[in-house]
Amino acid sequence: MPINNKSIQGYSPILHARSEKYFWKGKGALSIKTFKNGRAFYHAGHGHFAVDEGNYLLLIKSEYTNKYLDITWLEEKLYELAHRLLKVNRQVNKEILKLQSLRASTRKELYKRIHIGHEFISAYFDQSITLTDVARTACLSPNHFLRSYKQMFGISPHQYLSERRLQESKRLLLQTTRIT
């Protein structure tokens, strides 16, 4: 689920994205890999791993070359990760409470569906999509999706789509300016 990934010191160890093809190249000493609605393959060290909904992969890479992994360092990284995951969980619970429903289980399900729609918009912002397309993806009626989306994000899906397109246009303009 998309979240505000701003954290202390401007870095978040949590990457959340959706794609038909998975490729991520980055640096880091600690990484947890998960995958939903399919399978991702990872090559790490001398091993090959498949990750799907039923499992996860924990990768630990030493920051120190020519030294063995320091247990104290590893414990600190795991506690830091646990702390940030708890912060994300608290934020998600606050967002769930914004939704108007009597039952907590209904709010949680609605939260998931709204985020499915939000991720759909984020993934296909550069294409012609309608509210009906997004609501269908979220398995909600257009009216219910629209109302719930506004409760959750404080803006309409159309406003978010417009903002996302403007951000991308700005990025492309800046990139074009730097090249020329």
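Buried means under 20% relative accessible area, exposed means over 50%, and partly exposed lies in between (1.4 Å probe, protein chains only). This is a predicted model, where local features need pLDDT of at least 70 and side-chain atom pairs count only at pLDDT 80 or more, while totals for chains, interfaces and linings use all residues. Residues are numbered from 1 along each chain as its sequence is written, and side-chain values use heavy atoms, with hydrogens and water left out.

Q: Is Ser 156 buried or exposed?
A: Ser 156 sits in the loop between α4 (142-153) and α5; helices here are DSSP runs of H or I with at least four residues, strands are runs of E with at least two, and both are numbered from the N terminus. Its contacts (heavy atoms within 4.5 Å) include Leu 146, Tyr 149 and Lys 150, leaving out residues up to four places away in sequence. The relative accessibility of Ser 156 is 10%, so Ser 156 counts as buried.

Q: Which class does Ile 116 fall in, by relative accessibility?
A: Ile 116 belongs to helix α2. Setting aside residues up to four places away in sequence, Ile 116 touches Thr 137 and Ala 138. Its relative accessibility comes to 27%, so Ile 116 counts as partly exposed.

Q: How are α2 and α5 oriented to each other?
A: Take the axes as lines fitted to C-alpha atoms over the stretch in contact, with angles from 0 to 180 degrees between N-to-C directions. The axes of α2 (residues 104-123) and α5 (residues 157-179) come within 10 Å and cross at roughly 30°. Angles under 35 degrees count as roughly parallel, over 145 as roughly antiparallel, 65 to 115 as roughly perpendicular and the rest as oblique. That's why α2 and α5 are roughly parallel.

Q: How many residues in the contact of α2 with α5 are charged?
A: On the α2 side you've got His 118, Ile 121 and Ser 122, meeting Pro 157, Tyr 160 and Leu 161 of α5. Sorted by type, the contact residues give four nonpolar and two polar. Nonpolar covers Ala, Val, Leu, Ile, Met, Phe, Trp, Tyr, Cys and Pro; Asp, Glu, Lys and Arg are charged, and the others, Gly among them, are polar.

Q: What pattern does the protein follow along the sequence?
A: The secondary structure comes to five helices and four strands. Read along the sequence, these give β-β-β-β-α-α-α-α-α.
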